[in-house]
Amino acid sequence: MLIIIHSETNQHTIAQNLGRSEYSYYFVLKEYRPVLERLGRVVEVLDPQAEVDTLYRECLSRGEPCVFLSFSPPHRTPVHLACPTLPVFAWEFSTIPNEPFAGEPRNDWRTVLAACGAAITHSSYTVNAVREAMTQNYPIVAVPAPVWDRFAARGAQLQGQVATEPLRLTIKGLVADSRTLDLNAFGPAHLRNGEGIDFAAPISEQALLLDGVVYTSVFNPGDGRKNWEDMLSAFCVSFRDVEDATLVLKLTHHDAEEALGDILHHLYKNQSYRCRIVLIYGYLADPDYERLVQATRYVVNTSYGEGQCLPLMEFMSCGKPAVAPRTTAMIDYLSADNAFLIESTDELTAWPHDPRRAFRTLRYVTNWASLCEAYKASYEVAKNQPARYAQMSAQAVNSLQGFCSQAVAEQRLQVFLAQLFEQRLAAMEVREA
Amino acid sequence: MAPSSWDAMNFILYSDVNDSSISQSLGRPEYSYYFVLKAYRPVLESLGRVHVVASPADVDTLYRQLLVAGEDSLFLSFTPPQKTPVDLECPTMCVVAWEFDSIPDEQWDNDPRQDWTQMLARQGRVITLSSHTARAIRRAMGENFPVLVLPTPLWENFATIRQQMLSTPVNPGTSLAIKGCIFDTRTLGLCADALIPTPITPEEEAALAAAIEAARPPPLTLKRRFVIARHYLRLWALNLGHEQVEPVPRVKFLYNWYWEGIRDLMPDTLHGWLEQRLPAVCGALPVPVVEPVPLDLPDTTSVVETTVDGVVYVTVFNPKDGRKNWHQLITAFCWAFRETSDATLVLKITQNDLASYYSELMTLLAQLTPFACRVVVMHGYLDDAQYARLYQAASFYVNASRCEGLCLPLMEFMSSGKPVIAPDHTAMEDYIDDAVAFVVKSSEELTIWPQDTRIIYRTLRYRPDWGSLKSAYENSYQMAKARPQDYQRMSVAAVERMHDYCAFAPVQKRMADFFALTPMSADATPVTDNASC
């Protein structure tokens with residue numbers, strides 16, 4: 001079997017696309033690839049229009065099954081190829097786009113999903129939303145990006161290495177630390193004073209020491225779903241007088257000033273607090289990323305919704321319990337056994353790529369007070385209940401194995417693709433008969 | 001013989017807004033203080049003599065005159081503490097309308113008056129509108145600090161409305177009139193697709209490209225440069241510009257020659273230098289400011305009418321008031337009733353400037369289309385009779401605020417026998433519960449004290465739960481349609497609740513007890529108003 005894969009962002013364009021809307025599709029493609037390679041031959045194409053059908057016809061002539069996996073939202077998935085095409089997409093809203101807009105018929109995802117006849121997504125929440133719009137037996141499967149194996153292995157190495165002294169990270173980029181910053185440099189214009197951050201300065205290596213109870217979140221601040229305002233303000237309120245609580249925000253974005261500007265202002269706005277906030281903007285080499293994971297006690301997510309959330313899955317696979325809401329894709333892998341759950345409520349919103357901003361779907365707003373409770377309860381467990389922490393940590397590894405291990409992905413994809421080919425074959429035979 | 005305490009007590013009242021300035025103040029923050037003053041006045045009149053001063057500067061003069069006559073005075077300042085004078089001889093007490101869980105207990109902008117704890121400590125006691133604010137004050141001032149919680153008495157004002165009709169859950173049809181204008185989603189023709197420009201067709205695109213090509217100046221050949229130079233330099237040399245109808249300054253021809261004929265020949269490095277040395281010739285013209293197309297707003301000078309029926313939800317608010325959370329109030333309504341044609345939401349706007357909210361509101365409604373339910377926006381001024389029709393028309397009143405110091409319209413509609421949809425936070429904890437309302441859940445969130453220029457998070461407000469608000473709409477509609485007895489029970493409970501909370505007698509008793517005064521008589525003077533919260 002030949003599996004052709006493509007994402008609009010690829011290894012050549014990833015650097016300038018960091019933090020842009022479609023960039024995460026490339027990471028998903030990368031995570032899928034080793035599993036796909038166990039199921040067939042894999043060819044990554046840069047130009048689907050030019051390459052896919054040629055490859056498909058070659059397969060056809062050999063009698064080899066062939067499928068094109070387009071790692072893209074349905075409205076950016078080609079529908080006129082001869083090769084069977086499946087979109088592999090992430091989605092975190094209660095309904096899928098079911099009307100055309102802005103003159104593009106593919107914006108009605110039902111058009112694309114009907115034309116493709118099948119699709120792959122990452123969560124049962126999205127499977128349900130798709131089947132709601134299509135039919136109850138529309139062929140769609142939830143296959144999360146299989147990140148577990150790699151991170152569980154790292155976690156196993158780290159097991160038992162509970163840090164007694166501060167962990168030292170080297171970061172090529174910017175580090176903003178609430179302990180050393182003059183927060184008044186980020187206040188309203190008429191009150192601003194003190195030394196800010198020179199974003200134009202050349203990139204240099206920074207050393208960062210982390211200790212105490214460290215909470216970490218990895219996200220793109222330009223992504224409107226992340227709700228970092230609540231994450232930060234509830235942290236500052238919960239740990240106003242707690243010196244050894246630290247929140248590390250590892251930020252992914254293509255522009256440092258844009259990424260940090262608003263967050264720095266909120267560091268000012270939330271003062272004063274004795275807890276520590278660290279913003280990391282820049283690249284972490286693997287050993288340093290591992291040290292960040294090692295230093296972390298909890299991974300934090302306060303999003304309005306997630307298609308799957310790779311960083312959350314990665315940290316949990318490493319044995320880090322979460323502070324997060326059990327909504328959207330997170331329903332599949334969060335429980336009270338591996339996370340301090342934040343309550344949330346639904347709210348009307350628009351599909352993110354709808355320029356009309358027409359209200360058509362729901363997202364989930366965190367309950368701020370319940371986030372504060374989750375922070376406090378998790379801190380208490382980290383400090384005083386080592387057995388409970390160890391249990392949650394083990395549970396995180398286990399649940400994520402069931403959710404996003406390569407074995408799970410391989411098994412699901414194998415069954416799904418086999419059924420697909422079988423149905424296509426049957427359909428063809430019927431047509432020929 | 002010394003006069004007994006009650007007939008010697010004089011209340012001197014002041015608010016920044018008064019009878020003559022109120023019409024310009026519709027929707028401004030100090031506006032609600034005026035309504036509180038007006039509502040307290042009859043209670044104060046029943047306990048002593050009331051003097052309303054036009055300026056705080058008049059207070060001490062009056063105080064001294066009364067003192068000479070052997071009478072005591074108390075200055076009640078219906079202004080926020082930081083705006084209340086600190087140098088008066090007359091005993092002063094603030095009436096504080098506040099909706100946050102803490103009061104300012106630090107100063108900023110080098111202004112000690114911003115620290116309310118200093119102000120209140122100096123005055124020694126305070127009046128506020130809700131138990132929620134009283135708690136915030138006591139947390140800062142100590143448990144024993146004297147705080148009088150005094151809602152505005154208004155129950156009696158609605159006696160006529162209560163007598164005229166029994167509240168009906170499903171309105172058979174009420175005509176509403178207003179001096180101003182009415183927007184009705186049934187006739188506005190709003191559409192989400194109209195929110196973005198129609199994508200141009202390939203033919204239009206080609207035509208546009210051709211037009212741009214045609215408009216492009218001919219290439220700058222040597223000959224062309226010569227023609228340009230000759231043309232402008234001639235005009236410059238002869239100074240022919242001053243003969244034109246609108247005289248053109250002579251230097252303008254050199255400017256045109258430079259920009260059209262030779263600028264592209266100069267190296268980039270020279271452009272800046274020339275611009276500095278010869279700004280009149282080589283400086284770029286300022287980019288013309290594109291004036292936004294003026295809104296086509298309707299006439300608001302005449303009385304207009306509409307009829308509402310079915311299950312009618314009413315809310316009264318100022319769209320520029322950030323506490324009101326009106327986007328969610330509307331989105332939850334339209335989502336809950338997107339297939340329900342006999343649900344109507346009436347928005348009575350308390351904001352004079354239509355242009356200040358028109359686009360925002362119309363965009364929101366367009367984003368929500370299509371929906372079968374109906375939204376009616378009433379902009380303008382309602383006289384008492386017109387207001388009475390609005391009270392009658394309502395099946396329910398809706399509040400979805402983040403915080404409230406009191407919320408007069410909510411109390412007014414409840415006093416008229418209307419069950420409500422509202423959260424039970426801040427001031428509303430004093431009178432909202434399941435017996436009278438579909439309670440909207442909410443959770444806390446951080447916010448600033450609104451007057452704090454440092455914009456630092458110092459206090460809490462509430463985040464109403466959208467899902468719970470939507471359910472409240474659905475459940476209330478169900479009740480209106482299917483369980484009229486339950487509706488009646490809730491209506492009666494609302495009237496009773498308001499009687500206990502804001503009838504004249506209980507409010508008078510609270511005030512009399514606080515000041516240790518004896519009422520002179522028990523009659524109530526009705527006050528009419530067009531109050532916002």
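Mentor: Let us begin with domains, whose bounds come from an automatic or database domain assignment. Please keep in mind throughout that this is a predicted model. For chain A the assignment gives domain 1, made of 2–145 + 406–432, and domain 2, which covers 148–404.

Trainee: How many Å apart do the C-alpha centres of domain 1 and domain 2 of chain A lie, and which elements of domain 1 give two or more residues to the side that touches domain 2?

Mentor: The C-alpha centres of these two domains of chain A are 31 Å apart, and 23 residues of domain 1 are in contact with 28 residues of domain 2. On the domain 1 side, the elements that give two or more residues are α5 (124–133) and α13 (406–432) of chain A. Sorted by class, that side has 12 nonpolar, 9 polar and 2 charged residues.

Trainee: Next I would like to read a sheet. What is the order of the strands in the open sheet of 4 strands in chain A?

Mentor: A sheet is read by following its strands from neighbour to neighbour, where two strands pair if DSSP finds at least two bridges between them. In this open sheet of chain A the order is β2-β1-β3-β4, with parallel pairing. Because β2 (41–44) and β4 (85–87) of chain A stand at the edges with a single partner strand each, one side of each is left without a neighbour in the sheet. Neighbouring strands of this sheet are turned by 25 degrees against each other on average, with direction ignored. Strand β1 (residues 2–7) of chain A pairs with β2(A) in the parallel sense over 4 bridges, and I3(A) stands opposite V42(A) in β2(A). Helix α3 (residues 48–62) of chain A packs on this sheet, where it touches β1, β2 and β3 (66–71) of chain A, and its direction makes about 160 degrees with that of β3(A).

Trainee: And what is the order in the open sheet of 8 strands?

Mentor: That sheet of chain A runs β8-β7-β11-β10-β9-β12-β13-β14, and its pairing is mixed. Its edges are β8 (205–210) and β14 (339–342) of chain A, each with a single partner strand, so one side of each has no neighbour in the sheet. From one strand to the next the twist averages 35 degrees. Helix α10 (residues 310–317) of chain A lies across β9, β12 (296–300) and β13 (322–325) of chain A, and runs at about 150 degrees to β12(A).

Trainee: In which sense does β11(A) pair with β7(A), and in which sense with β10(A)?

Mentor: With β7 (residues 167–177) of chain A, strand β11(A) pairs in the antiparallel sense over 6 bridges, and the bridge partner of L174(A) in β11(A) is Y281(A). With β10 (residues 245–251) of chain A, strand β11(A) pairs in the parallel sense over 6 bridges, and K250(A) stands opposite I280(A) in β11(A). Between β10(A) and β11(A) the chain crosses through helix α8 (residues 256–269) of chain A, in a β-α-β crossover that is right-handed. Strand β11 (residues 276–283) of chain A is mostly covered, since 6 of its 8 residues are buried. Strand β10(A) also pairs with β9 (residues 213–219) of chain A, in the parallel sense over 7 bridges, and there Y215(A) has L247(A) as its bridge partner in β10(A).

Trainee: Lastly, how many residues of chain A are in contact with chain B?

Mentor: In this case, 25 residues of chain A are in contact with 22 residues of chain B. On the chain A side, β15(A) gives the most, with 4 residues. The residues of that side divide into 12 nonpolar, 8 polar and 5 charged.

Key: Residues numbered from 1 in each chain as written. Chains lettered and ligands numbered in written order. Predicted model: local features only at pLDDT ≥ 70, side-chain atom pairs only at ≥ 80, totals over all residues. Buried ≥ 20, exposed ≤ 12 C-beta atoms within 10 Å, placed from the backbone. Right-handed = clockwise from strand over helix to strand, strands pointing away. Contact = placed C-beta atoms within 7 Å. Nonpolar A, V, L, I, M, F, W, Y, C, P; charged D, E, K, R; others polar. Axes fitted to C-alpha atoms, helices over the stretch in contact; angles between N-to-C directions.
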